[in-house]
Every structure is written in C-alpha cells, then in structure tokens.
Amino acid sequence: MSSLVESVGFLLEEPERDTQEDDGKLASDLEEDQSLSPQERLEKLEEKEQKKQTKRRKIVQESRQVLDGLFDAVIGAMRPGDPAVTIDRRGVTLRAQRVWGDQFGGQVVQTGNGSFHVPSRAALFGDYTPHNVAIKLTQFHLNPFTWGRGEYQTRSSVMELSLLQNDIPVAFNNLTEDFNITIPGGFGNDSATTTITFPAPGNQSSSYHLLKLNNTAEGFLVTITPLNTSVVYGVWGRYGGRPDDQNYNMSMETYILPEQCALMKTLSGDDDAEKTEATMFISGEDHPADYYIKVHVLGTVTECDIEEGADKKESPINDVYAYRIQWARLSCVYWSETQEDWRTDGCTINKQPTIASTICHCNHLTAFGTDFVTPPHRLDFRALNYSGLRDNVAIVSTIIVALCLYSFTLALIKIAERVGKRKLHHAVMLDDLQNGYRYRLLIWTGAARHAGTESTVAFKLLGDAANSDVRVVNIAEKVFTQGSQVTLIFSAAEQLGNVEQLQLMHDSSGEGSRASWHVERAAVQDLTTGKLSYFFCGEWLAADRGDGQVVKTFPVASEEDLRSFGFLFPASLRSNLAEEHLFLSIAIMPEDSIFTRSQRLGCCLSLLLMSMVSSAMWLRDEIKTQVVQAVSLGPFSFTLNGVYTGIMASLTCLPVIGAIILLFQYSRPSNKGNPRVRDVEMGVSAEAPTQQGPAKGLPHWCKYVAWVLVVLSALGSAVFTVLYSLEWGKDKSERWLSMYFLAFLADIFVMQPGKILLLTIVTCFVGKTQAVKKIFKKKWGPALIKSSMVSSQRETGFNCDVFRMRRKMERLSMRSLANIKQARMRQRRDRRFGETVWDIAWFCCFLLLVLSIVNEYHNTTEGFYQTLSTTNTFLQSVDDVNDHLTFWSWLNDTALQSFYPETSYNDDKPRWFERGFTADMQTVLVYPPSLIQGRVKQELCAVPVTMQHSLGECSPGYGEHAKETGAFEEGWKRARNTSTMESAAPGWIHLPSGYPSLPIYGVTTHYWGDGFGLHLGKSADEMRSILADLKANRWIDKRTRVIFLEAMLYNGNVDLFTSLTVVFEFSETAGVFSRHHVQTFRLHQRPGTIGYIYVLMEIIYVIILLYTLWREATKARAAGLAYLKGAWNIVEIFNFFVAFTVIALYGFKISYSSRALAAIKEGKGVLHVSAKTLQ
C-alpha cells in the first residue's frame, strides 16, 4: 500500500517537473523562431498550456481514483474503534479510520502538521445517529489543482476530508458549526519587506501604509520592527480612514532597548520590558475595506536612565530613524469542483495565523488550502512630498525669475508713469470761436527721431468755396512733440466748402534739431456739416532735411488714395503692432489707451505661466506618439502632433487670457477725461456744459476682477507646473523647459507678428472704412490750451508781434502754392508705387504657392527609386527566357521567389514581420499576380505540299482576326456545351480586357489585354501548384503568341503603388521576345503632416483663384467690351481657363483613384486593374 501511495506522489510530481522543462524549452524555441509573430507565439503558448492542464487534470483524476480504491480496501477491513491507518509517502498522506456513530463529533482528525476539528454530531447529522462513520483524510503537500485561473491560488498544502455514513458518502453544506481546519503553509513563503526612514531627528514624524481587504476569508499579517535602539515607535490601525490619537481600532508600541538596559530588565524578571517588534493580524470584513496603519516616532526610551550618546553607537543607522515593515496576505480558499476554481465562499480566517500555518473556519467540506500573497507596497499619497524640488531646480528657478522680472518691470513702469509722463495729445483753441463756421484740424507728428518741433507753426486751408486765413499756433506749450497728435480748434467767417489743400509751415525758430518738423498725416473736419477731409503728408518741414522747405502744400486724399493698399497697410500695421502685440505694446502702446502698461504686463505674466502649465498638460510621451513625418524649415522642424499640442495648449489658455484682456480693455476708467474740449467745439460755455449720455463699457470694478484673475492664474499655473515637473523627473523637465521656451519665443517673434500681419492684410481688403477711421481716430487731450491770440484780443484788441508773425507766415504761404502740382504728382507716384510693390509681392506669394503644389505632384525621387527597386527585384534574368521551357523555369524560380519569398537574406525562414512582403522586403502584393495568354485560332492557314514533310502545322501571326476566344477544357479541348463553358477552369476561358482603349505594347506589335487569364494564388505553395497544373496540361503550345504577367505592388513606406507588366511574345517559328512596363504612382493624398499641409495649400489656392475671378469679373462688368481690348486681360482669361481645366482634371483623378482604391479593397475586378486605369 505504501508503494502505491508513493507511486501516486511520483505521478503528481512528474508532470510538474516535465512542465517546467517543457515551458523553458518551448519559450526558448518560440523566442528563437522569428518566423512566428508575437500573436502566433502567444497562441502556441496558450495551446501548450491547455494541453498541459488537460494532462494534469487527467493525472489528478486518476490519482484520486487510485487513492479512493486504496481507501476502500483499507476501510473495508477495518472495524469501528480500530486504530487509524496513516500512509505518508512522497508528499501524499492518506488517513483512514472508522468510529462508532454515537462517539463521533467534536474530535480532531490529524495528520503530521495539519488537522480538521470536526463539529458536533448534532450539527452534522441532527437527531439521527449513524451506526458508524468512516473518515478519509487526504493531504497533498503540493497543490494538485493547478488549472484554476481565478483571483486566488493555493500556495500551501491541500487538506481534503470525506465522511462516510454507513459506507455512504455524505455532503455537508451551510452547517451551523464550522470545521476548524489547520493548514500547513507552503515551502518558501516569505513576507514582503520594506524599510521606511525618517531624517534625524525624527521626533513627531509619521508614515502611513494602506492595505486593501476584500472579504472575511482573507487578512494581512503585518510585523513592524524598529531599526534604532532607544527609539519608541507608536503603531495605530484603523478601518476606513487614517488613525489618530482618538480614532483607532488598534494601538501598540515597539522599541529596542540598549543592551545594558535589556540585560537589567531580563535579570529583574521583567519579560515585557523589551518590545522588539509589533505583530498584528488584520482580518477582512463582509465588504471590501481599506485599512490604514500609522507608524509614529514618539521619542526616546526613558527607562534605565541611559544617556542617548551611548545608544547611538549601538544603532545600526546613525543618521536616520528607521523601521522595517513585513506584510503578507493570507486567505482561506477551497476547491470548487463545479467551477474548477479556488474560492472563499463560506470560509473565514482565524485571527491568530502564522507564516507556517493558517486556521480556517468553513461550513462545508471539500479540498481546502491557503493563499499566500505579498502584494505591492501601497503608500498613501495624500500628503505631497517636496523632496524632489532639489532635482527640478530648473523649472522652479524659471518661475521665480519670471516673478522677479515681473516685479522689477512693474516697478520701472510705475516710476516712469509718475516721473516722466508725457502728454502726447493736446487740444488748442486758436480764437474765441465767435465766427459762424467752426473747424477742427488734427495733425499727427511723426515717430522718427527729432520729428517734433519747438518752432512756431502755422497753417492755411484752401477750399472750393473759400480759403481760410493763415492761422498761427502761437502758444507757450510745446505741443508738436515726437509721436503727438494736436487738435486745433478755430472758426472762419465763411464756409470753406470742400477742403482741397492744406498748407503747413513754421518759422524755424526752434533751437538746433528742434527747428525741424516731420508731419505724418492730418485731417480736417467741418464741425457744422461733420465732413472729414484727409491728408497724406509724410514729409519733413526743415531747412536741413528733405528738400529744405519749411512750408509745404498737401492735396486732399481722394477716396482711391484712402483705400489704396500702399497707404492702409503700413499705417494699419503700425497701429496694430502697438495695440495688439501683447509684449511689444508694453513699450509702444498708444498713449490714450485705457489698457495700461502695468495691466498689459500682468497679462504677459499670466500668459507665460498659463502657457507653461497648458503645455505640460498636453505634453505627450514620444514613445506613445506616432510621428508620421516632420516638416523642416531651416533649423526648425515640426510635426502634426507638435502643432496639435500647441493648438490645444493655446485653446486651453485662451478663455482665461481673453477674459482678463477684455476686462482690462472695456472697463471704464475711474477719472474720465475733461469734457471741456468737446463742449467748446460744440459751442457750449463752461457754465453750461453738455449733457453727458450714459457711460459705455464695463464698470470700473471689473479691473479689480481682472487683477484677481491675473494673480490666481499665475500662482495656480506656477504650482501645477512644479507638480508636473515632480512627476516627470529632472531630465524630462529640463528637455520640456528648453522646448517650451523655443516655442514661446517663436510665438512672440514669429506667430504673434504673423497673426497681426494677416489681420492687417484682411482689414485692408475687407474693412477699409474702419481702417481709415482707426488711423485718423480723434484722441481727446487732457485739457484745452488757448492761443495767445485769444488772450491778446480779449485784453488789448491788437498785438503787433502776432500781426508780424501772421504776415510772415502769409508770405511763406504764397511761395508754397506753386508746388501743388509736384505734390499731386508725388502723391500719385507714391500710390502707384505702393500698389505695384503689393502686386509684385502678391504675385510672388501666389507663384510660390503654385510651385509648391506642383512640386508635390512632380517630385519623382521616391517614384524613381521605387521603380528601380521593382526592376532589380522582379525582372532578374527575364531576358534569358527564349522558349516555353525557360519561361516555366523563370516563373517557378525567379517570379515565384520574388512574389512569395521562402527564405530571407541569410537563407533562413522569413521572420514573422517579413511575411507578406515581396523579395525586396518593402512592397506587398495588392492582389495575387496573374497570367493572361493571347493565342491564335487553328487552321487559318495551310502548309504548302512541298513543306509538309518538315512542318506539320501552320501557325499564323497574332491579330484581331486571328485571336482565339471562347471556353476550353484543360488541354485546349473546346467546350461543346453551356454547362462545360460555365464550369471551365481559370485560365481556359477567354476574358475581355479591363482597359480596351489602352493598348499594351510588346516588341513586335501591340495588344489590348484580353485573353485567357487566371490568378497565381496567394502563397508560394498555391502558386507552385497552379504553375505545375498549367504546365502538365500544356497551357503553352504552338498557338500561344503572347503572355502577360501582371502584378500590383504597394510600398507603405512611401505610399506608392507600382504596376508591373511583363510581356512575353512567342513568335510563329521559335524564340521569345520580352518587354516590361513598370509604372509607379500615388492614388491618394500623401500621409502625415506634409499631406495635410499640401491639402491646406490646395484650399488656399482655390480661395485665391475664386477671389481673383470675382475681382476680374467686377472689373470686366465695369469696363464692358472695352475689357477685351487689353492684352493682359486676355492673358488673365486664358489663365483662368487653364486653372479651372487643371482643377477639373484633378477632380477626375481623385474620382478614379477613389474608385480604384474601392475596387482594390473589395477585391472586385482585380485581374484587369492596371496602372493605365489608375493614373
């Protein structure tokens, strides 16, 4: 019997050893076999695992049957009350015993180190008392049920108890009393260990550990051991939350006494004095629960009065406080025969387990075991750890520098606003406005260096109804400063009508460079009618600059002048840069803007920090990001993923930054400007000011809301950017920071100016009226300045100095009127020059766009190399074919190995990722290659009698009248009935051409692609079989005149299709002539970033073409038939015809390409698809 049990143990161990050896050998073989893909390797491993588990299941089943038979033999010869029989051999223990029924219940059935404590007889049998009870206890030292795939796996001995009532097996389920099962632990079960350290001194330092519990059948055995002497560690535990001094489910202390103190305690008989470790068992609950363990440094040991200095020498860790935590998850599981899995239903774990054994309480009987798992160490990350900031000093320093730079710049702005503030917008009243017609003259001084003047300025307006007098701006203040706008208010006795000319002059009375004056532009408004007249100046009034004239006359700008691109573009660009560029506008913002420099600086800080955190949010790992193709522009390169990241980061920042800017721009100032100027212009006295309408814009307190948003967005972004850097680590953070600043600088100096440039161009074409109003916008001065003439008239009535100054200016005015024609000619020349420059620039950009699009479709470099590779791979030794035997040899050797290679470059089997490729390892077959034969009819000619002894049959040449059609049986036996024709094998029935209008050229003649065709299969074996069958049935004979070998290839690396057609012409007498056609083409848009860019270019081209057509149509409608008399207009019509013809051809190409791709994907008609129909 013992040998039988030993044999069972050997059988259970043998598959385990074989499995380990087979697994290692199989894994090694599969790893070396590169012809299998990872998916195929996985499938083979799964197949092997299933076979192994099936074998294991069969062995376990047979072994249990052997043990059952052995138990029946032993128990059959045993009387109740006889001693138990125990057989223990080779890891299997079998115990058999028979007891009287009235004595059964409450006893312990035990093997060497495992046992079952049986419930009472009443709990098992109720009121019934059996005559006798047979007990069968089986213990497997190794788990035999290894095919379970659930959450739990047994890593201990397996204990199985069976009870037979009067030799009849009894099943027990849901008993009122439990079986108490002691299960020995498995060999090699060790707890997981982790060391936790605190920097010294570690007083009041804490750490937390989180344990996950699922049910009452499992629990955690945890041991905490101090690694320092004389340090007390407090340990608390709690379900569902962090423990503290008031809320906990468990509390204990642990420490290691110094050697001297421990010896004293031992000698005194105090066994509890040294608590060298804290061991606890945390059992699960009825529902999943979290259990938190807190370890806290309480301080040093106060017993024995031993000084701390002596203790430190004995501590294994001198510079830190540390402890070691060991933990393991224990579970009580049973084997479910129905589900073939280890489960925990109906079992609970005892609260006093050890690594060596576990006590389980279960209310049923089956095979029991314990699960031993050391799960990953779980830490609670609720509290942030900032120790990694030292490794991320780059990002932290960048944020600190940005904040310091903001503070320094803000201080400089505030100092400059208080100390050196200039008033650039002034309003001057030249008379007492007693005359009936009031006018407003606005003069803009240029922004060039020394553009302002301190000389006395005068002007004169010339209208079609009357002229004004020469008016002298005689004031003490120096208002014509660099970049200033001066509003001159005066009245005239007569209405001037339409103002046609403006004279400006000065007396050069300023000192040095302050005597010259550069006037940029001017505007005159008749306050009675509201009519505005504009003047383009842009000249120096100086004796030492320009043409040396200090008095000049400027003609009024016509409607055409105002709408010309040459004027609108530069003026609007300067205005938009000063107002819209967030960073540049801090230095050159308009002086009258309510969006102040300090507010703009705050927006810049918020934008900088928010763009940092947005970039970090949308940053993608390079390994996880598929980059198809990068576009390089000089030293810069970008991909579609990078563009996407930048767009998403910008969209993330946009709502907050936009809200801040809008709140700043449209909030009303707290102190409105002096309305006195507007009241004077309207003729209202200071004592009776005009009634102000309701104020426009947002309330003033919205500015404070904007400042709150600036502070919150800046600080919040800074904090989260630092947190992202802590997650990334030093290397990734520094790489991201360098890339971010390159992108940010590119945005400031390239993207923002580019957006402003585009906005300016659109405005100049679409919103010309608004652009003109913005350029000549009236800016209110802070106060009204009165000319000295007004004061002198009110005080004395006449001033000789003022009179002499006026007379001097009148003489200067008379000399300037002779130059008006030159001024008009110069104005027209400047306008035409600006328009010509713009037309040239526009044409160059359009030509560059067209050339870029053309280059995409005529870039033949990739196609050339693809054609060359196809020729070198598939057309080897094609010229060696000179008869039908060499043709079959070429097909079986060269063609077959080119289409379906059976060896790689080193004569091994192709690796798994090389399967499916042709011999060049870059292209794949779109569909199987095909053969098409053209042959001639029989008996079309007769052999002369004199030649019949040498020629048995006459074979005519190929032609439309001579070519064979119809259906044949194998061996070229003509099919005689319809059923035979319908069932004819491929290659023996005539098929029409798929491209009847496009011939295929050979050496001797051309062909139309029809004939007897068939596919050559989808693998090397299939192609080899088809070729052997064709050769055996004499598919090539004397009437064969031409054979086409066709294949369609695709190279996914460059997204190119290649059509391969090889023509073999068989002459009437002997010999074979070969010719090949290789054509490479693209069926759809180029993939990746560059493809999307070219699509965008094509869309822009169509938009420009439609706009140009609309402009020319408008011009032709206005000119009528005279439009056709212009030679360049005829050229424009021809250009439109060519452009729309190209677009139509492009549309046909897209349509045919889509149909061809659909046919390829669906596999329809692929036998007769050729390059000629796809291009």
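1. Basis. The model is predicted: local features need pLDDT of at least 70, side-chain atom pairs count only at pLDDT 80 or more, and totals for chains, interfaces and linings use all residues. Residues are numbered from 1 along each chain as its sequence is written, and side-chain values use heavy atoms, with hydrogens and water left out.

2. Main core. A nonpolar core here is a set of buried Ala, Val, Leu, Ile, Met, Phe, Trp, Tyr and Cys residues joined through side-chain atoms within 4.5 Å. Buried means under 20% relative accessible area, exposed over 50%, and partly exposed in between (1.4 Å probe, protein chains only). The largest such core has 37 residues, and those with the most contacts inside it are Leu891, Phe899, Leu931, Trp1035 and Phe1064. Elements giving two or more residues to this core include the helices α20 (884-899) and α22 (1020-1032), along with strands such as β33 (923-935), β40 (1040-1051) and β41 (1056-1066). Helix α20 supplies the largest share, seven residues. Helices (H or I, at least four residues) and strands (E, at least two) are DSSP runs, numbered from the N terminus. As background, nonpolar side chains in soluble globular proteins tend to be buried together.

3. Phe1064 and the second core. Leaving aside residues up to four places away in sequence, Phe1064 touches Val878, Val881, Phe887, Trp890, Arg1041, Val1042, Ile1043, Val1072, Phe1073 and Ser1074. Contact means heavy atoms within 4.5 Å. A second, separate core has 36 residues, among them Ala402, Ile413, Ile661 and Ala718.

4. Ser898. This residue is in helix α20. Ser898 is buried, at 5% relative accessible area. A polar atom of the Ser898 side chain lies 2.7 Å from the backbone oxygen of Thr894. Not counting residues up to four places away in sequence, Ser898 touches Thr873, Phe874, Thr918 and Ala919.

5. A five-stranded sheet. The strand order of this open sheet is β3-β4-β8-β19-β18, with antiparallel pairing. Its edge strands, β3 (108-110) and β18 (347-349), each pair on one side only. From one strand to the next the twist averages 20° (axes are lines fitted to C-alpha atoms, for helices over the stretch in contact, and angles run from 0 to 180 degrees between N-to-C directions). Two strands pair if DSSP finds at least two bridges between them; β4 (residues 115-117) and β8 (residues 179-184) have three, in the antiparallel sense. Ser115 stands opposite Thr182 in β8.

6. First disulfide. With a disulfide taken as a pair of cysteine sulfur atoms within 2.5 Å, the count is two. In the link between Cys332 and Cys360 the sulfur atoms are 1.9 Å apart. The link of Cys332 and Cys360 is left-handed, with -85° about the S-S bond. Cys332 lies in strand β16 (residues 320-336) and Cys360 in strand β19 (residues 357-362), so the pair ties together parts that are 28 residues apart in sequence. Cys332 is buried at 1%, and Cys360 is buried at 1%.

7. Cys347 is joined to Cys362, S to S 2.1 Å. This disulfide is right-handed because the torsion about the S-S bond is about 115°. Cys347 lies in β18 and Cys362 in β19, so parts 15 residues apart in sequence are tied together. Relative accessibility is 3% for Cys347, which counts as buried, and 0% for Cys362, also buried.

Technical notes: A polar contact is a pair of N or O atoms within 3.5 Å; within protein, one must be able to donate a hydrogen and the other to accept it, and residues adjacent in sequence count only if both atoms are side-chain atoms.
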